[in-house]
Amino acid sequence: MDSIPILKMGEYLLVSIQVDMHDRLALTLQDDLTNRIVKTGAKGVLIDISSLEIIDSFIGLILSNIASMSRILDAETVVVGMQPAVAITLVELGLFLAGIRTALNIEKGMDLLRASLEFPPGESVNRAKK
Amino acid sequence: MQRSETLDIRSSSDIVQVRQKVRMWTQQLGFSLVEQTKIVTAASELARNTMEYGKGGTVQLEELNDENRHGLRLTFEDEGPGIPNIALAMNDGYTTGGGLGLGLSGAKRLMDEFEITSEVNQGTRVTITRWRYFNRR
């Protein structure tokens, strides 16, 4: 596979990582996503990693970069479907993926993205319970 | 029967090969899914170090058999520039290459045994081992 497909769904971009990525593929994904966000004006990026059996520090860095670049381009990123064994390993590896929002699955990820469009992070969400 | 196999690490696609080969071995040795993930992740970190910093090298996979345990030992070797200050390199976050600086310290945390030797201008060898005990469950 030369590149990972990026799907557009309204204001969101969806990516599903199904293969064990070699470095170039991961870097291409980073660039492609950034370009697509600019081109489409997407407000949210959802990355499905439910098929990823390994996240090492390189992939972790790629995910961090994607989240940071998206934010600069006024889009939120949510990573969904992390496998439990991967989560356990990441903590022990010392990779905490700070600044990357996560959700259990695509549905919850989309809910999170929609909510963040309504209440952008940084704004107070202390809406009075009237 | 002690098995052993050596793989080349020259390019980033070799890193993928190493991950897949190590995954296969961990499965054959009966490691749990979490253990497999830790071992393969450690291998990925060290394979990348070998390629990037070591300018290419090899990894030897060895099956170890003791009375009450099986083990997988991975030895990463290169003839690259070497590490001038190993203690410094072992700090979380220390990197000379723009990475996250977790490769060596992370691999050590993920495995049972970790050994590193390095000589400037001669090369580096990192050996990691993980055991699976029979009578534990």
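**Largest pocket.** I started with the largest pocket, which holds about 710 Å³ of space. This is a predicted model, so everything here is computed from predicted coordinates. I counted the lining next: 39 residues, with N49(B), Y53(B), T95(B), T96(B) and G97(B) lying nearest the centre of the pocket. By class I get 17 nonpolar, 18 polar and 4 charged residues in that lining.

Which elements supply at least two residues each to the lining of this pocket? From chain A I noted α2 (57-72). From chain B I wrote down α2 (33-52), β3 (69-78), α3 (86-89), α4 (103-110) and β5. Of the contributors, α2(B) gives the most, with 6 residues.

The general idea is simple: rolling a probe the size of a water molecule over the atoms shows where empty space is left. Searching the whole structure, I found 1 cavity of 30 Å³ or more. The volume of the largest cavity is about 30 Å³. Who lines it? On the chain A side I have D20(A), M21(A), L52(A), I54(A) and I59(A), and from chain B there is R19(B). I sorted this lining into 4 nonpolar and 2 charged residues, with no polar ones.

**Interface.** I count 24 residues of chain B in contact with 20 residues of chain A. The area buried between the two chains is about 1900 Å², and carbon and sulfur atoms give 57% of that area. Which three residues supply more than any other three of the area that chain B buries against chain A? They are R19(B), R48(B) and L100(B), and together they supply 24%.

**S105(B).** Next I checked a residue in helix α4 of chain B, S105(B). Buried or exposed? S105(B) has a relative accessible area of 5%, so I put it down as buried. Its side chain makes a polar contact of 2.5 Å with the side chain of D92(B). Leaving out residues up to four places away in sequence, S105(B) touches M90(B), N91(B) and D92(B).

**T124(B).** I moved on to strand β5 (residues 123-133) of chain B, where T124(B) sits. T124(B) comes out at 10% relative accessibility, under the 20% limit, so it counts as buried. Its side chain is joined to that of S118(B) by a polar contact of 2.9 Å. The list of residues that T124(B) touches, with sequence neighbours up to four places away left out, includes F76(B), E77(B), D78(B), I116(B) and S118(B).

A reminder to myself: most residues other than glycine have a negative phi. N121(B) has a positive phi of about 70° although it is not a glycine. I placed N121(B) in the loop between β4 (113-119) and β5 of chain B. At 67% relative accessible area, N121(B) is exposed. L97(A) is another non-glycine with a positive phi, about 50°. This one lies in the loop between α3 (84-93) and β5 (101-103) of chain A. L97(A) counts as buried, at 13% relative accessibility.

**Helix α1 of chain A.** Last stop was α1 (residues 23-40), which holds I37(A). With a relative accessibility of 3%, I37(A) counts as buried. I listed what I37(A) touches beyond four places in sequence: L13(A), A42(A), V45(A), S70(A), L73(A) and A75(A). How far from I37(A) is I54(A), 17 residues along the chain? Their C-alpha atoms are separated by 26 Å.

D32(A) lies in this helix as well. Its relative accessible area is 26%, so D32(A) goes down as partly exposed. D32(A) touches S3(A) and I6(A), again not counting residues up to four places away in sequence. From D32(A) to S57(A) I get 20 Å, C-alpha to C-alpha, for residues 25 apart in sequence.

Methods:
Residues numbered from 1 in each chain as written. Chains lettered and ligands numbered in written order. Predicted model: local features only at pLDDT ≥ 70, side-chain atom pairs only at ≥ 80, totals over all residues. Heavy atoms only, no water. 1 Å grid on protein atoms, 1.4 Å probe; cavity = no way out; pocket = protein on both sides within 12 Å on 5 of 7 lines; lining within 4 Å. Points joined across faces, edges and corners; volume = space filled by probe spheres on them. Nonpolar A, V, L, I, M, F, W, Y, C, P; charged D, E, K, R; others polar. Helix = DSSP H or I, 4+ residues; strand = E, 2+ residues; numbered from the N terminus. Buried < 20%, exposed > 50% of the residue type's maximum accessible area, 1.4 Å probe, protein only. Polar contact = N/O pair within 3.5 Å; in protein donor to acceptor, adjacent residues only side chain to side chain. Contact = heavy atoms within 4.5 Å. Buried area = accessible area lost by both parts, 1.4 Å probe.
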